[in-house]
Amino acid sequence: MPHSARIYDHLLGGKDNFPADRDAAAEIIKDWVHLPQSMRANRNFMARVARHLAAERGIRQFLDIGTGLPTAPNLHEVVQSVAPESRVVYVDNDPIVLVHARALLYSTPEGRTAYVDADLRDPESILGSAQFRGTLSLDRPIALSLIAIMQFVVDDAEAKRIVDRLVEPLPVGSVLALSTVTADSAPEEVNGGVAAYNERGIPCKARDKAEVEGLFDGLTLLDPGVTLVNHWLPDGGPVADDAHVHMYGGVAVKD
């Protein structure tokens, strides 16, 4: 059966996928033509956010849920290049990601990484895991990373419940970094692609800006707020065409 993490891997040029994933990807991009470009823009967003949180906000602990297959640069590589003592817990529920998780565990000697085989929809299994408790301290701020994962939780109330439960135990000063699919920048293309995902048994939903902002309710959004991911603190490199970027992203602080 096709899996979102392996489709993502294939569209980014990876090799850790199966014929079912490649076939699904080929059908999806017939409608969602610019999905690969949007995925790359989202990957760049993840790296900029991680670097910003480590370098500018002094975050040294990261919980990355919906990790996907290892793709350079991985989050721990970004943050440990800034602060080698950084600690990262990765979470995913795809058995293929689990097989390749060893690539996510090459930490610097000063830092630490861990991997949890768990489902986003079951926050208790993540927060109660030995890896989470043994790697991250609830006495210091934690950056919760939900990058390109919430589109697979199609019920809005359930999505907000998950976010709130994951944020709840995190100390003041912790940060939520989130990106998710939107059709605002290319309605016909994205809605066709989302339908193709659903037809292949992968529930998916595009959200408008107000719906994405709602996922941050109770937190203080950092500038520039919720925006297309290519516009979140661009680093001076080429900026992708907005019509080819179908992800909103934002970063918010728990006060």
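Contacts first. Of the contacts in this chain with a separation of 6 or more, 74% join residues 24 or more positions apart. Contact here means heavy atoms within 4.5 Å. This is a predicted model: local features need pLDDT of at least 70, side-chain atom pairs count only at pLDDT 80 or more, and totals for chains, interfaces and linings use all residues. Residues are numbered from 1 along each chain as its sequence is written, and side-chain values use heavy atoms, with hydrogens and water left out.

Overall shape. Along the principal axes, the C-alpha atoms fill a box of roughly 45 × 35 × 35 Å. Buried residues make up 53% of the chain. Buried means under 20% relative accessible area, exposed over 50%, partly exposed in between, with a 1.4 Å probe and protein chains only.

Secondary structure next. There are 10 helices and 8 strands. These are DSSP runs, numbered from the N terminus: helices are H or I with at least four residues, strands are E with at least two.

Take helix H1, residues 4-11. Of its 8 residues, 7 are buried. They are Ser4, Ala5, Arg6, Ile7, Tyr8, Asp9 and Leu11. What do they pack against? Helices H2 (19-31), H3 (35-55), H5 (95-99) and H9 (187-199). Just after H1, Gly13 takes a positive phi of about 90°.

Now the aromatics. How many aromatic pairs does a search of the whole structure find? It finds 3. Rings of Phe, Tyr and Trp (its six-membered ring) pair if their centres lie within 6.5 Å; planes under 30 degrees apart count as stacked, over 60 as edge-to-face, the rest as tilted.

Trp32 and Tyr197 are edge-to-face, at 6.0 Å centre to centre and 80° between the planes. Trp32 sits in the loop between H2 and H3, Tyr197 in helix H9, 165 residues apart. Both Trp32 and Tyr197 are buried.

Phe45 and Trp232 have ring centres 5.8 Å apart and planes at 90°, so this pair is edge-to-face as well. Phe45 lies in helix H3 and Trp232 in the loop between strands S7 (227-228) and S8 (247-253), so the pair ties together parts 187 residues apart in sequence. Phe45 and Trp232 are both buried.

One last item. Trp32, Phe152 and Tyr197 form one aromatic cluster.
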